Every structure is written in structure tokens, then in C-alpha cells.
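Subject: Structure for you to look at

Hello,

Here is the structure I promised to pass on. Please open it next to this email and follow along.

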Amino acid sequence: MAVAHTTALNLIGKYVSFYTDTLYPHIGVIDSVSIYLDGRIEISFEAQEFYDLSQISKFNILGEVKTQDPLPFDYRSLFS
């Protein structure tokens, strides 16, 4: 079970396409993964609904979103 959870977390930031019970593909960048105690794993992108991985077919990773390192921030300035 731990391997499936780790693999699901590696999907964050990936540009993907997949089908569910609809005729058209869902395409977007995965921005969240939910892992439930019953073993169910769901993914979501662009703040839309969650999709259960067991209900997905024709899953393709199209690419990966590269992010820049955040600018350095001096947190000490918040407490002075």
C-alpha cells in the first residue's frame, strides 16, 4: 500500500490526460492527491472535483510543470 501512495504523490505537478465515465478526456496539471484510510486514492487538478484512480482509464502523463525556486525570504522580519 505504501508504494501506491508514494507513486500517487509523485503525480503532483504532472500534466496528464485521462478518461473517466465521460467521452472526452480530462486534461490538466495534478495539484492535489487525497489518500484515504480505506486505501482509496483520488487526484484533482485546477481546483475541480476529485477523480478516483480506480475509475480512471487511458491515463497518460503528458509532461511535468517546472517551478522556479521561491525567492529567499527573511522570516525574522515578521517577528521584529
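Start with I35. Its relative accessibility is 35%, so I35 counts as partly exposed. The reasoning needs two cut-offs: buried means under 20% and exposed means over 50%, with partly exposed in between. Keep in mind that this is a predicted model.

Where does I35 lie? It lies in strand β2. I35 also belongs to a nonpolar patch on the surface, together with L9 and I12. The accessible area of these three residues together is about 240 Å².

Now the strands around β2. Strand β1 covers residues 14-19, and strand β2 covers residues 26-35. They pair in the antiparallel sense, over four bridges. Find Y15 and look across: V29 in β2 stands opposite. The link from β1 to β2 is a hairpin through six residues.

Strand β3, residues 41-45, runs antiparallel to β2, and five bridges join the two. Here V33 stands opposite I43 in β3. β2 and β3 also form a hairpin, with five residues between them. Check G39 in that turn: it has a positive phi of about 95 degrees.

Next, L53. You will find L53 in the loop between β4 (51-52) and β5 (57-64). Is L53 buried, partly exposed or exposed? It counts as partly exposed, because its relative accessibility is 28%. Which residues does L53 contact, leaving aside neighbours within four places in sequence? They are A8, I41 and I43. Take A8: L53 and A8 are 45 residues apart in sequence, yet 9.0 Å apart in space, C-alpha to C-alpha.

Last, L62. This residue sits in strand β5. L62 has a relative accessible area of 47%, so it is partly exposed. Not counting residues up to four places away in sequence, L62 touches Y15, V16, S17 and I27. L62 and I27 are 35 residues apart in sequence; from C-alpha to C-alpha they are 9.2 Å apart in space.

To go over it yourself, begin with the patch of L9, I12 and I35. Then trace the hairpin from β1 to β2, and the one formed by β2 and β3. Finish with the contacts of L53 and of L62.

Best wishes

Key:
Residues are numbered from 1 along each chain as its sequence is written. This is a predicted model: local features need pLDDT of at least 70, side-chain atom pairs count only at pLDDT 80 or more; totals for chains, interfaces and linings use all residues. Side-chain values use heavy atoms; hydrogens and water are left out. Two strands pair if DSSP finds at least two bridges between them. Patches are made of residues with over 30% relative accessible area and no salt bridge: like charges are joined within 9 Å, nonpolar side chains (Val, Leu, Ile, Met, Phe, Trp, Tyr) within 5 Å. Accessible areas come from the Shrake-Rupley method with a 1.4 Å probe; for residues, only the protein chains shown count as cover. A salt bridge is a side-chain nitrogen of Lys or Arg within 4 Å of a carboxyl oxygen of Asp or Glu. Buried means under 20% relative accessible area, exposed over 50%, partly exposed in between (1.4 Å probe, protein chains only). Contact means heavy atoms within 4.5 Å.
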